[in-house]
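Student: I'm new to this one. Could you show me how to read its features, one at a time?

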Amino acid sequence: MAGLIDVAHGLDVETLRKDFPLLAQEVNGHPITYLDSAASSQRPRQVLDAMREYDETTHANVHRGVYGIAEEATHRFEAARVAVGRFIGAPNPAREILFSKNATEGLNLVANTWGRTHLHPGDSILLTEMEHHANIVPWQMLAEERELSIRWIPIDDDGALILDDLERLVDGVKLVGITCMSNVLGTLNPVGDIARVAHAAGAVVVADGAQSVPHLPTDVSTLGCDFLAFSAHKMLGPTGIGVLWGRDELLTPLPPFLGGGEMILDVRKEGFTPNDLPWRFEAGTPPITEAIGLGAAVEYLQAIGMESIRAHEISLTTYAMNTLAERFGDDIRIFGPKDPTQRGGVLSFAYRDIHPHDVSQILDQYGVCVRAGHHCAKPLMRRLGVNATARASFALYNTESDVDTLANALAETGAFFG
Amino acid sequence: MAGLEDLYREIILDHYRSPRNRGELPSPPAQRVEGFNPLCGDEIVVTLEVTDGTVSDIKIGGTGCSISQSSASLMSAAVKGKPVTEVRDLIRTFKGMMSIHESTLPGKDSQDEDDIEATEAQLLDVDSLGELAALQGVVKFPVRIKCATLSWNTLAQGLDEAESKTESASA
Ligand SMILES: Cc1ncc(COP(=O)(O)O)c(C=O)c1O
């Protein structure tokens, strides 16, 4: 069976699949074909074991106790922070990596701290038409409160940003919010090019890395953005923890986000003194077990190598686009860039006129898990002229055989609706 | 495990492929209401005319999956020409059918036994729903219940709005 062992890309997929207990499950009498990693990825044993081992041997609250396990817990928690920082090339990981609940909270943190400090009535911000609601709604909330105006970078029919007019669009803008990779179209955006123009115009760039960090080599020291938010649960880690990276010099002068324990140096009746980076932005007991899990996920990804993962996903996306086009011709419309090297492993599609809900329901009968809906990107859905799409998305553990199963189940879907 | 045939009954597929009362009535005079399913982005437009306490005409617009579309189509056929009071009863019965199993599904807040029996008693008899009973299988697919009830909630809102209009007109 082709593709099970993608040796060409240094990835022994058949072996690494054994690390993922969930992939051995059956659904509706079929082996599971998990094609929804863009929503949330599965976790390898290494992550699950690291979390359990920590819980069973070391758990205590961090930054508080002087006793042995509390100190060890703190040490491991901070080590996870540094590991995540190194993973994305953060120049100063011990200060610049802020743990949040998820990517959404990270983006809200930027809106509430940087945004409230720097954005005033009449100011403009620039977003793209392909943003996830997580990088739209926090800005709309702030725009309403602060009387800001929001401009939009449009997309073309292939799902690429139209940047011809960027200099005019960015003129007078204080902040640019842009996704590194669309969770609907798979489009990889030229964050660096956009950031150069944005910085020349004096704007700060907030990048949504929720889809890119799990699948592409990421180096914030060259990426060009000033903030980058992502979630552990899309990169083989647990739910409940995300990361916001920000440039030290931008984070340092910012006021806290939430108030409470951890985020202070001193509290008197008259007021409080906020803590240093990164704790100033981590009020209350953090997700400690989850941080350990995220650290293990990063270690797992690094051991395999992000370059290999990217190469495997390009090859799988190519195979999927070719297979679906060959088997279904005009019956299938795949959204987003045609060139698999210009996109991530996310395939949104429309199959005949069968509603995505119905497609997904029938696929489920064959154990195939795909997403159906608006993918939290309603402005993009309106631009595409659809209410919803079905979306298959790949991770390092997917194979060409998964794609074949998807295609077979789609053919059954077609037969079912006649 | 619930099979696909529980969900996609022949009547449902028929109404999906050839929806009844499709379109929009001119509004005004018709009452026009839009319904949204925020989970999936489906939109439905119900336009209805209420004359002398009767739903004299109804049309369904918008887009959605087979379940939401067929439910809307079946609904339009069931309520057209019926007195508003009967239509309201039908809405209650239909939504009862849609929620009874939902509330007994694992993972839902488990109501106490009495509550469930009360809902069951209130369910009236499903036979009174006629063809609409074909949608009963949807309750085995909890995520699809909202698809089935979208048009009914929209209709209920339309009736409320139509009634408040006549009230204010006669006041
Ligand atoms: C591009 C993008 N941004 C943001 C998010 C939000 O991630 P989370 O729900 O983990 O905060 C997602 C995931 O759904 C996403 O795909």
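**Reading the features**

Tutor: Let's begin with a lining: the second largest cavity has two nonpolar, two polar and two charged residues around it. Ala, Val, Leu, Ile, Met, Phe, Trp, Tyr, Cys and Pro count as nonpolar, Asp, Glu, Lys and Arg as charged, and the others, Gly among them, as polar. By the way, this is a predicted model, where local features need pLDDT of at least 70 and side-chain atom pairs count only at pLDDT 80 or more, while totals for chains, interfaces and linings use all residues. Residues are numbered from 1 along each chain as its sequence is written, chains are lettered from A and ligands numbered from 1 in the order in which they are written, and side-chain values use heavy atoms, leaving out hydrogens and water.

Student: Which residues line that second largest cavity?

Tutor: In chain B, look for P19(B), R20(B), R22(B), I60(B), Q69(B) and S73(B). The volume is about 30 Å³.

Student: And how many cavities are there of 30 Å³ or more?

Tutor: Rolling a probe the size of a water molecule over the atoms shows where empty space is left. A cavity is a set of points on a 1 Å grid where a 1.4 Å probe fits but cannot get out, with lining residues having an atom within 4 Å of a point; points join across faces, edges and corners, and probe spheres set on them fill the volume. Searching the whole structure turns up two of 30 Å³ or more. The largest holds about 40 Å³ of space, and its lining includes S41(A), H215(A), K234(A), L236(A), E313(A) and L396(A). By class that lining splits into seven nonpolar, two polar and two charged residues. Domain 1 (7-43 + 305-417) and domain 2 (48-303) of chain A each supply at least three of the lining residues, with bounds from an automatic or database domain assignment.

Student: What is the phi of L236(A) near?

Tutor: Most residues other than glycine have a negative phi, and most peptide bonds are trans. For L236(A), phi is near 75°, a positive value. You'll find L236(A) in the loop between strand 9 (227-231) and strand 10 (242-246) of chain A. L236(A) is buried, with a relative accessible area of 2%; buried means under 20%, exposed over 50%, partly exposed in between (1.4 Å probe, protein chains only). E262(A), also not a glycine, has a positive phi of about 75°.

Student: Which residues does a cis peptide bond join, with omega about -5°?

Tutor: S27(B) and P28(B). Another cis bond links P28(B) and P29(B), with omega about 15°. P28(B) sits in the loop between helix 2 (10-17) and strand 1 (31-37) of chain B.

Technical notes. 1 Å grid on protein atoms, 1.4 Å probe; cavity = no way out; pocket = protein on both sides within 12 Å on 5 of 7 lines; lining within 4 Å. Helix = DSSP H or I, 4+ residues; strand = E, 2+ residues; numbered from the N terminus.
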